[in-house]
Amino acid sequence: MLKKLFVKGVFLSLFASLSFTQDEQVTVIGSLIKGTPIDTGSPISTFDAESITAQNNLNIVELIRMVPGANGMDGESNQFGSNGAEGVSNINMRGLGTNRTLVLINGKRQTTVPIRSGAGRSVNLHDLPMAALSRIEILKEGAAATYGSDAIAGVVNFITDSTFEGLRVNIGAKGFNGAVDEGKEFSITYGALVGDDVNFLLSLGHQYKPEIAIKDTDFGIKPYTANTRGGWSTMGNPGTYLYPGGGSAAALGNTAFLSDPGCNNAGGFNTSFAALPGATSVAGDEALTGFCRYQYTYFDNVQEEQNNSQLWMEFNGAIDDHDWHVELAYGHTDVPNWATSPSYPPNNPSTNTLPDHNPGFVQLLADNATFADALTDANYGGDGTNIASAHRVRTRTLAAAGNQFGNSNLAETESREYDTYRVAFSFDGPLTDGIDYSTSLNYSSSTGLTTSTDTQQGKFLASLWGYGGPNCDAEITAKTTAANDLTPTFITKSTGAAIAANVVNAATRPAGCEYLNVTSNAVYQGMQPNQTNGNRVGVNPDYHAATANSPELLRWLLDKRYTESTSDLLTVDFIMQGTMGMLAGGDAAWAFGYERRDYNIKTTLPNLPGPTAANARTNIHDGNLYPCEIPSWNENATGAQSRATCAANPVGLFMFLPPVFAEDQNQTVDSLFAEFALPITDEFDMQLALRYEDYGSKDSVDPKLVMRWTPIPALTLRFTGQTTFRAAHPDETSQTRVTALQYVNQAGAFKAVDFSGNANLDPEEATTYNFGFVTDFGTDEWTATLDYYDFEFKNPIITENHQQLVNAFAAGGAASAAVSSQMYGGVNTLPYDAATNNFTAASVGRIASNFINGPETLTNGVDLYVQYETDYANGTITGGMEVNYVAKYDVAAYNKGGVEIAAAYECVGFFNINNGCRSMPETKAKAFVNYQTDAHNFYGALNYMGAYTDRRANAEVAAHNTIDATYTYSWDDAFDISLSVYNLTNEEPPYVSWEMNYDPYAHSPLGRYFKAGFTYRMQ
């Protein structure tokens, strides 16, 4: 409290001692007072409307992707690189995180996306009115002293063209290889003077991106032998049978694995373990020992169908000497058919069991004598003569055959839809003689509705045992009868009477009850690539129509979930400014102000009807209502089988997707800030800024110093130094846990990772420096800037990396002990191992990850910008380049309880996976040339992304160069026709050993594409 009173007293005393006169000034990013984009003391990049138009009206994603200082953005990312934020585009300055780059519209904040993605919350750039912009300014350093928290890595300010008068219409079409349709863009912008002194601006925009399936690219699908990580799952359909204690190698948990013998014919791919122990003496048994894999990425897209719309309206006017500004905006993002796997795998695959009387399994044995004979061996649960009565099976509802309820590629489809609204008011003018004011109120709100489809664990297991389907009067009550008995238990729903074990283990089922067949003979034709030629596999010769699954059973198994979320931001500020007398270089200026931000986030789970009358309602992923796998347990509030029992480990009803918890969080921030511009001499000036920000339980004081010195007319030196600050976001302190699905190397599969907030987090802080120069080389043609930047980032608020936790668990000893409480497995995963907390790392089924103050991060590098402009052949030619070179990005070791969990590592120059960084080449650059006459404009650009290393195999991800070219013809100052080709030489993204064989954070999958644009202007 004393600290808060002292800081507030300092601000008030500074203000009370000043009385000044005010000159007209220009405000740009990084200052509340004055500056210009090129000669300010801070490093700023500017894109004006003319340069964007010269590139055929680039959209937000295309433009931001090319910014050299930005690394690892979301936007065009496929689902494996989108962090759960499909449809959202953002910016990640310096690679420090999308939630640490502050996005402004006309200098004021915008609310974040409503969803809580794996990358944190960020502003969706798709909502911004590209057609209404006059320029975009990017401040490439921290700016907490000016703009408050979240401005740790930089600030991007989108500025609308408030004085535009006339009518401008843009129409564009794009052609993509492999797309089902053309991309389309449209915008209309109208500006007029209403009355004598009110400027009115209206802009409407719409963009459509077509779906591009990965199977229609030349690089996205590779044979298993070429990339074992290329989307190949060990849990497919057809499935794999596993037998704990069956004698296989210790690396496989001493478990024997048998592939479905019809795996390859049905579209799967059998990867044999012939060289491993555990095979029987049965001839040909070695060929059966292995996994029946399937390629889930064959169903995915590298670009999703997406619609984005923007409506922007603003009014600018004056009353006496006071200017006023009103803006109204709406943004809409719709991803209607997001393609994903036909069905998801179980997080705990060993709990799925198949009885020997399942008709599909009976047929499989009849058609494959060698397989049937092998199952009599003790390694596979037999007694030497007979097979086991039940078998554990790694499988899922749908896989190789695809999903008949999905899209034309037989993928499951989901939707992501976001609506964002913005209302803003501002006034400025003289407050008293010599003091001006500005005040504003900004409110923005974003609502999202997302869907997901998964299989209920109870429904699935019941169906394997013949108690499935919408008309079956039976319900599962337990997954097993006893530790050594795989028989589930059931009741008759209508009476509540238990079904006897001998009835469950017999083949007869009541009318209306169906078996689910997960063997190869249920697949007519796989929707999978042939391993030899890459084409779709042929019709399955092992198919049996009599054992195929009914559409009604499959539809009943797949339930759809809805999640609705909202984020609201209300910002109110009041700023006064003036001058405080003459210094040798001119009038010294000051600014002083107050800001209040009120931020709210909310998640609800709508209770809507399911896909059919027989399906469950859409709120069954509510973790408070349905924390248990067994449906009947959720009906009990307390007891041995109840919601209270499951609350400690709420796995939920579904096999793969975790439960979601409703939440309602609020955060209020109060700020006081001051800034002084001091022209010490004609050659040297300074800017001093100070901000106090109070979150209630946490607060911070952040200073900033900017110095600019011009020793000679051709050279200006500049320096900035500051601290930046970000207190924990409500997501990061909330005790409402959120679960994501992450790939675990040891398990060879995606596993549930539970993220829990931490109310005791310290604020994250960064000290940043920038030193550089601006020069024109003593000419009128040249402009150049060179800046060295340095970020020292302390106490970053991050989540523990799940793979680092599992690696520590697998290492044993003190590291394993430090994280063992965060690992969850079970008796049905694989055999216990007392040395590693009773189960192996390969058997981990769930991981608890906490928000923490992570290890210190240091990054520095160099930004270079050079431009030359001169008259040439009745026109003007402009050429230049912009380069970002990252010299260092070091992350210190992570220690937990005094034990090292993860060693220190370097991010720059690496394809970062299994750590907290994203892909980070050392060098990213763009060179451009533009030639303009009255009627003709040619723009060309070379985009360069340097090579980096995939340290998993010490493999190089090759450097990548693309060339873009645009020609525009104009006539009568009214019409433009533009033709563009992007990625002129059709360079494929460099190969990376990942799901889709490329790096979506760094490279575009679109290849060469064309765009034709038409613009009409009426002045």
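Reader: Which residues lie nearest the centre of the largest cavity, and how many line it?

Author: This is a predicted model. In it, 23 residues line the largest cavity. Arg65, Met66, Asn943, Thr962 and Ser1004 lie nearest its centre.

Reader: Now a single residue. Is Thr160 buried or exposed?

Author: Look at the relative accessible area. Under 20% counts as buried. Thr160 has 5%, so Thr160 is buried. Thr160 lies in strand 5 (residues 154-160). Its contacts beyond four places in sequence include Asn106, Pro129, Leu201, Trp312 and Glu314.

Reader: How do I read a sheet? What is the strand order in the open sheet of 3 strands?

Author: Strands of a sheet pair through backbone hydrogen bonds, either parallel or antiparallel. Here the order is 10-14-13, and the pairing is antiparallel. Strand 10 (232-233) and strand 13 (269-272) stand at the edges. Each has a single partner strand, so one side of each is left without a neighbour in the sheet.

Reader: How many bridges join strand 13 and strand 14?

Author: Strand 13 and strand 14 (residues 290-295) pair over 4 bridges. Take Phe269 as an example: its bridge partner in strand 14 is Arg293.

Reader: How many disulfides does a search of the whole structure find?

Author: The search finds 4. Count the bonded cysteines along the chain, and the pattern is 1-2, 3-4, 5-6, 7-8.

Reader: What is the handedness of the disulfide of Cys472 and Cys513?

Author: Check the torsion about the S-S bond. For this pair the torsion is about 80°, so the disulfide is right-handed. The sulfur atoms are 1.9 Å apart. The pair links distant parts of the chain, 41 residues apart. Cys472 is buried at 4% relative accessibility, and Cys513 is buried at 13%.

Reader: Which parts does the disulfide of Cys628 and Cys646 tie together?

Author: The S to S distance of this pair is 2.0 Å. Cys628 lies in the loop between strand 26 (586-604) and helix 11 (643-646), and Cys646 lies in helix 11, so the pair ties together parts 18 residues apart in sequence. Both cysteines, Cys628 and Cys646, are buried.

Definitions and conventions
Residues numbered from 1 in each chain as written. Predicted model: local features only at pLDDT ≥ 70, side-chain atom pairs only at ≥ 80, totals over all residues. Heavy atoms only, no water. 1 Å grid on protein atoms, 1.4 Å probe; cavity = no way out; pocket = protein on both sides within 12 Å on 5 of 7 lines; lining within 4 Å. Helix = DSSP H or I, 4+ residues; strand = E, 2+ residues; numbered from the N terminus. Buried < 20%, exposed > 50% of the residue type's maximum accessible area, 1.4 Å probe, protein only. Contact = heavy atoms within 4.5 Å. Pairing = 2+ DSSP bridges. Disulfide = S-S within 2.5 Å.
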